[in-house]
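Visitor: Hello! Could you show me the structure and walk me through it with some questions?

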Amino acid sequence: MGHEFFQKGRDGHTHTHFCKHGSEENAELYIIEAIKKGFQQYSFTEHPPLPFELTQTIPNGQWLVDELAMSMNELKDYFKIGKELKDKYQEKIDILVGLEVDFISGMESFTRDLLDSHELEDGLLSVHFLPGKDGWRCVDFSAEDFQDGLVKYYGSVEKVYDAYYEMVEESIEANLGPNKPSRIGHLTLIHKYQDFVRPKDPNYDREHITKILSKVKQSGMELDVNLAGLFQPMCKEIYPPIWVIEEAVKLGVPLVYGSDSHKVEHVGRGYDYFIEIMNQLAMKPF
Ligand SMILES: [Zn+2]
Ligand SMILES: [Zn+2]
């Protein structure tokens, strides 16, 4: 088996200075870093604005809401700067300007409008929010918040996992129009605080993930192989773990490496490890 299930030298999940919970380093510095590290293709996948309907029910406070995503005005500038950088560096690297779009159950019309009115060259569809205590909760804000806002609310971490994967499943099936992103972002983001709280059965989500993978395949979607989890102190695991990557390869689901950079120094992080995994899978007789 060759390497046809992924594209070498591509970073398909990155952020820029338009992300308020990242660094203030300019998007251009990320590009310079990517060129230096030998990447040939690079996707900007910034977090777009969130629906008011969601943000007004996030109970943590306005400061968190402000950090989650840019405003509608900034979105225009983001695309403009992305296109400028694309042109400026076209001889050196192929820049794709896209978004990491949130799937929020019940707010599909907002998401669809956003997608209908922007041309994306690449895109991720991610679940970062679940209904929880006193409103919508980020699944990846902090371990304490995860425990208090979700685990206590659902009654067990197992039930939080169920709710999360159901939302991911819904995202695959959702009608978000012709510009719907084709790649599922960090499929196992719910593992982020697993060293703090995790299901008793280590294989608890195996069945659900297997079902999701077949839906990803059926829908012709791709998977973000997101290295950020490996560097999260309470996760220390790639999103998704290797067994999932192996199943995806068996099914023929295309995989795209993603650094999920929120800082220049994150560009290409874990890429060597990703290649190592891919090489090992390439040697397996499927
Ligand atoms: Zn982010
Ligand atoms: Zn994300």
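Visitor: Which residues coordinate the zinc ion (ligand 2)?
Guide: In this predicted model, donors are N, O and S atoms within 2.8 Å of the metal (3.2 Å for Na, K and Ca), and water is not among the atoms, so sites may look incomplete. The donors here follow the spacing E-x27-H-x57-H along the chain. At 2.1 to 2.2 Å, the zinc ion (ligand 2) is coordinated by Glu100 (OE), His128 (NE2) and His186 (NE2).

Visitor: How many residues apart in sequence are the parts that Glu100 and His128 tie together?
Guide: Helices (H or I, at least four residues) and strands (E, at least two) are DSSP runs, numbered from the N terminus. Glu100 lies in strand β3 (residues 94–102), while His128 is in the loop between β4 (123–126) and β5 (129–132). The pair therefore ties together parts whose separation in sequence is 28 residues.

Visitor: Are Glu100 and His128 buried or exposed?
Guide: Buried means under 20% relative accessible area, exposed over 50%, and partly exposed in between (1.4 Å probe, protein chains only). By that rule, Glu100 and His128 are both buried.

Visitor: Which residues coordinate the zinc ion (ligand 1)?
Guide: Its donors follow the spacing H-x25-H-x214-H along the chain. At 1.9 to 2.1 Å, the zinc ion (ligand 1) is held by His21 (NE2), His47 (NE2) and His262 (NE2).

Visitor: How many residues apart in sequence are the parts that His47 and His262 tie together?
Guide: His47 is buried at 8% relative accessible area, and His262 is buried at 18%. His47 sits in the loop between β2 (41–46) and α2 (52–55), and His262 in the loop between β9 (255–258) and α10 (271–282). So the pair ties together parts with a sequence separation of 215 residues.

Visitor: What distance separates the zinc ion (ligand 1) from the zinc ion (ligand 2)?
Guide: Ligands are numbered from 1 in the order in which they are written, chains are lettered from A, and residues are numbered from 1 along each chain as its sequence is written. The separation between the zinc ion (ligand 1) and the zinc ion (ligand 2) is 5.4 Å.

Visitor: Which side chain makes a polar contact with the side chain of Asp148?
Guide: Asp148 is in helix α6 and counts as partly exposed, at 25% relative accessibility. A polar contact is a pair of N or O atoms within 3.5 Å; within protein, one must be able to donate a hydrogen and the other to accept it, and residues adjacent in sequence count only if both atoms are side-chain atoms. Local features need pLDDT of at least 70 and side-chain atom pairs count only at pLDDT 80 or more, totals for chains, interfaces and linings use all residues, and side-chain values use heavy atoms, with hydrogens and water left out. At 3.2 Å, the partner is Lys133.

Visitor: What percentage of the residues in the chain is buried?
Guide: The chain has 10 helices and nine strands. Of its 286 residues, the buried share is 57%.
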